[in-house]
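I opened this notebook to record what I looked up in one protein model. The entries follow the order in which I checked things.

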Amino acid sequence: EKSYHKLHEILLQAGIWNIITSIITIFGYSSWFKNEGIQSFQTNEQLSYMNTSLLDSLVSIILVFGLLIFAMGVVNIYLSRRLDKVTTIWKMNTWLFSCIVIHFFCFDVIGVLLYLATTVFYLARNKVLKSNRQVLKEGV
């Protein structure tokens with residue numbers, strides 16, 4: 001019971017962390033990136049349609065990335081509420097591993113640590129549940 005509560009808490013924190021970082025990315029970083037890009041082009045007298053179009057494309061990629069991280073956060077909050085109902089262990093393991101990889105490639109140390117802790121607690125919980133089922137089978 002204690003490990004379940006800890007697992008729920010860490011996965012919830014990871015989801016909230018994703019939502020916070022995505023909001024910062026969408027509303028803070030994307031507008032800062034666009035303003036700095038325009039200012040750099042103006043300073044170097046290279047403000048043209050092509051450069052502005054390229055900058056808009058890069059800002060769009062940043063926004064899509066922010067939305068992806070936001071969706072990841074929402075999914076993790078949903079999963080944290082439904083942990084007791086997760087029946088396919090390999091799907092949850094795949095999801096958690098994907099989250100670790102995504103945060104690793106984004107250089108998000110806090111995200112990697114949160115998902116590593118979640119994965120460790122989840123694997124430990126499943127191992128205990130599996131051994132309890134075996135004991136019940138052998139006892140019958």
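**Entry 1: Leu 12**

In which helix is Leu 12 found? I looked it up: Leu 12 belongs to helix α1. I note at the start that the model is predicted.

Next I listed the contacts of Leu 12, leaving aside its neighbours within four places in sequence. Leu 12 is in contact with Ile 77, Ser 80 and Arg 81. I also looked up a distance to Leu 114. Leu 12 and Leu 114 are 102 residues apart in sequence, and their C-alpha atoms are 9.7 Å apart in space.

**Entry 2: Ser 80**

Ser 80 was on the contact list of Leu 12, and I turned to it next. Ser 80 lies in helix α2. Is Ser 80 buried or exposed? Its relative accessible area is 0%, and buried means under 20%, so Ser 80 is buried.

I then asked which residues Ser 80 touches, not counting those up to four places away in sequence. The list is His 8, Leu 11 and Leu 12.

**Entry 3: the whole chain**

I stepped back to the protein as a whole. How many helices and strands are there? I found four helices and zero strands. Read from the N terminus, the order is α-α-α-α.

The protein has 140 residues, and buried residues make up 31% of them. It exposes about 9,500 Å², and carbon and sulfur atoms supply 69% of that area.

I also looked at contacts between residues at least 6 apart in sequence. Of these, 75% join residues at least 24 apart.

**Entry 4: the largest nonpolar core**

How many residues does the largest nonpolar core have? It has 15. Those with the most contacts inside the core are Leu 11, Met 72, Leu 83, Met 92, Leu 96, Tyr 115 and Tyr 122. The elements that give two or more residues to this core are α1, α2, α3 (89-105) and α4 (109-139).

I picked Leu 96 from that group and listed its contacts, leaving aside neighbours within four places in sequence. Leu 96 is in contact with Leu 11, Tyr 115, Thr 118, Thr 119 and Tyr 122.

**Entry 5: Thr 94**

Thr 94 is found in helix α3. I looked up its accessibility.

Thr 94 and Thr 119 are 25 residues apart in sequence and 10.0 Å apart in space, C-alpha to C-alpha.

**Entry 6: the largest pocket**

What is the volume of the largest pocket? It is about 170 Å³. I wrote down the lining: Thr 21, Ser 22, Ile 24, Thr 25, Phe 65, Ile 69, His 103, Cys 106 and Asp 108. These residues divide into four nonpolar, four polar and one charged.

I then sorted the lining by element. α1 (2-43) and α2 (49-81) each supply at least two residues. The largest share, four residues, comes from α1.

**Entry 7**

Thr 25 is one of the lining residues, and it lies in helix α1. Why does Thr 25 count as buried? Its relative accessibility is 16%, and the cut-off for buried is under 20%. Not counting residues up to four places away in sequence, Thr 25 touches Ser 30, Ile 62, Phe 65 and Gly 66. Phe 65 is also in the pocket lining.

Ile 26 lies in helix α1 too. Ile 26 is buried, with a relative accessible area of 17%. Leaving aside its neighbours within four places in sequence, Ile 26 is in contact with Leu 63, Gly 66 and Leu 67. Ile 26 and Leu 63 are 37 residues apart in sequence, yet 5.4 Å apart in space, C-alpha to C-alpha.

**Entry 8: Phe 107**

Where is Phe 107 placed? Phe 107 is in the loop between α3 and α4. Its phi is near 60°, a positive value in a residue other than glycine.

The relative accessibility of Phe 107 is 76%. Exposed means over 50%, so Phe 107 counts as exposed.

Definitions and conventions
Residues are numbered from 1 along each chain as its sequence is written. This is a predicted model: local features need pLDDT of at least 70, side-chain atom pairs count only at pLDDT 80 or more; totals for chains, interfaces and linings use all residues. Side-chain values use heavy atoms; hydrogens and water are left out. Buried means under 20% relative accessible area, exposed over 50%, partly exposed in between (1.4 Å probe, protein chains only). Contact means heavy atoms within 4.5 Å. Accessible areas come from the Shrake-Rupley method with a 1.4 Å probe; for residues, only the protein chains shown count as cover. On a 1 Å grid over the protein atoms alone, a cavity is a set of points where a 1.4 Å probe fits but cannot get out, and a pocket is an open set with protein on both sides within 12 Å along at least five of seven lines; lining residues have an atom within 4 Å of a point. Grid points are joined across faces, edges and corners, and a volume is the space filled by probe spheres set on the points. Ala, Val, Leu, Ile, Met, Phe, Trp, Tyr, Cys and Pro count as nonpolar, Asp, Glu, Lys and Arg as charged, and the others, Gly among them, as polar. A nonpolar core is a set of buried Ala, Val, Leu, Ile, Met, Phe, Trp, Tyr and Cys residues joined through side-chain atoms within 4.5 Å.
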